[in-house]
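Dear colleague,

I am passing on the structure we spoke about, and I would be glad if you could read the notes below with the model open beside them.

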Amino acid sequence: MAEQHGYNTTSSANAFVVVFTVQALAGMWINSFIVAESCKAWFKKKSMNSNEKILLFLGCFRFWYLCTTWIYIIISVFFPQHLLHTGTSLTFAIFLCFLNSSNLWTSACLYAFYCIKIANFRHHFFIYLKAKIDRIVPWLLLSSVVLSLLNCSPFLQVTDEENSTSTNFTTHGIFWKVNEEIREHFSTIVLICTFGFSMAFIMVIFSAFLLLFSLCRHKHKMQNSSARSLSTAAHIKAMKSLLSFFFIYCVNYIILISTVYYNNENNLLTLLLLVLQYAFPVVHSLILIFSNPKLERIVLRILPCAQCKNAPGSPPKL
């Protein structure tokens, strides 16, 4: 019975590694493409617009997040002895926490950018933000990095106390064991990380509410005007796109919180949640490519067999 249980666990872990490897390689290619094209445009124009800056940061964070996670999972599942009696696993945990938090905060900045750029409010403060958006974006990106560093800084407590506690990171299945031990011995870290992720989620909710309210109000005004066929259709498409992005972000947040508080290597549901969690930086980056006319044309040149001209649920083209 024990042998059967061990066989099932190993089979599930191997299947998870295979699926995630496909996801990681696809995600790294997609995000490296975004980074490469952004840098190429930067070198040509000697400047970047705000949208390109956000995409560059987002692509970098997501590439290294998927790459680092893939390396960590491979080592944890197939070569766990290389993580024993060292702080390697904690170093990975700190780095992954920073990259994941940066990914979430930069995604929230992208949504806030869409909100300020597209929404139409007459309040003086909002008009000021719209006029200064190009100067605000670099500060938003810097704030994302700083907040991500603050979010993962409590892991230093684990590094300081690793040798003074009974925490054992040397058992089999170290990929799941790290999360389990951190939840058990360092609950403050879990709460702070959850708070950081939640603040980014609240920023997305607030931006989505303002943007959808503005689009709905504009749609209502345009229904009886002469521009109804063009403007109203465009705003309905924008609403659907932004709702799709909001839905994807919400699902990712729920899955992320679920995996933070519940993680069991013997549970297939846990493996499914992890696969879905790591799919977010892949799927959303793909949508961003097909929402950008320039990137879409380049991708279709690289992949001549591609038939899809527009990805469903893509954000508005700016």
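The largest nonpolar core has 70 residues, and those with the most contacts inside it include Phe 16, Ile 73, Tyr 114 and Tyr 278. Such a core is a set of buried Ala, Val, Leu, Ile, Met, Phe, Trp, Tyr and Cys residues joined through side-chain atoms within 4.5 Å, where buried means under 20% relative accessible area, exposed means over 50%, and partly exposed lies in between (1.4 Å probe, protein chains only). Helix H3, which spans residues 88-118, gives the most to this core, with 14 residues.

Please keep in mind that this is a predicted model, in which local features need pLDDT of at least 70 and side-chain atom pairs count only at pLDDT 80 or more, while totals for chains, interfaces and linings use all residues. Residues are numbered from 1 along each chain as its sequence is written, and side-chain values use heavy atoms, with hydrogens and water left out.

As for the overall fold, the protein chain has 11 helices and 0 strands; helices (H or I, at least four residues) and strands (E, at least two) are DSSP runs, numbered from the N terminus. Of the 318 residues of the protein chain, 49% count as buried.

Patches are made of residues with over 30% relative accessible area and no salt bridge, with like charges joined within 9 Å and nonpolar side chains (Val, Leu, Ile, Met, Phe, Trp, Tyr) within 5 Å; the accessible areas come from the Shrake-Rupley method with a 1.4 Å probe, and for residues only the protein chains shown count as cover. Lys 294 lies in helix H11 and is partly exposed, with a relative accessible area of 39%.

A nonpolar surface patch of about 500 Å² is made by Trp 139, Leu 142, Val 146, Leu 147 and Leu 150. Leu 142 sits in helix H5 and counts as partly exposed at 45% relative accessibility. Helix H5 (residues 133-152) also holds Arg 135, which counts as exposed at 63% relative accessibility. The C-alpha atoms of Arg 135 and Ser 50 are separated by 8.5 Å, although these residues are 85 apart along the chain.

The salt-bridge count comes to 1, under the rule that a side-chain nitrogen of Lys or Arg lies within 4 Å of a carboxyl oxygen of Asp or Glu. In it the side chains of Lys 45 and Glu 52 meet at 3.3 Å, N to O; Lys 45 is partly exposed, with a relative accessible area of 44%, whereas Glu 52 is buried at 14%. Lys 46 is placed in the loop between H1 and helix H2 (50-78), has a phi near 65°, a positive value in a residue other than glycine, and is exposed, with a relative accessible area of 67%.

With best wishes
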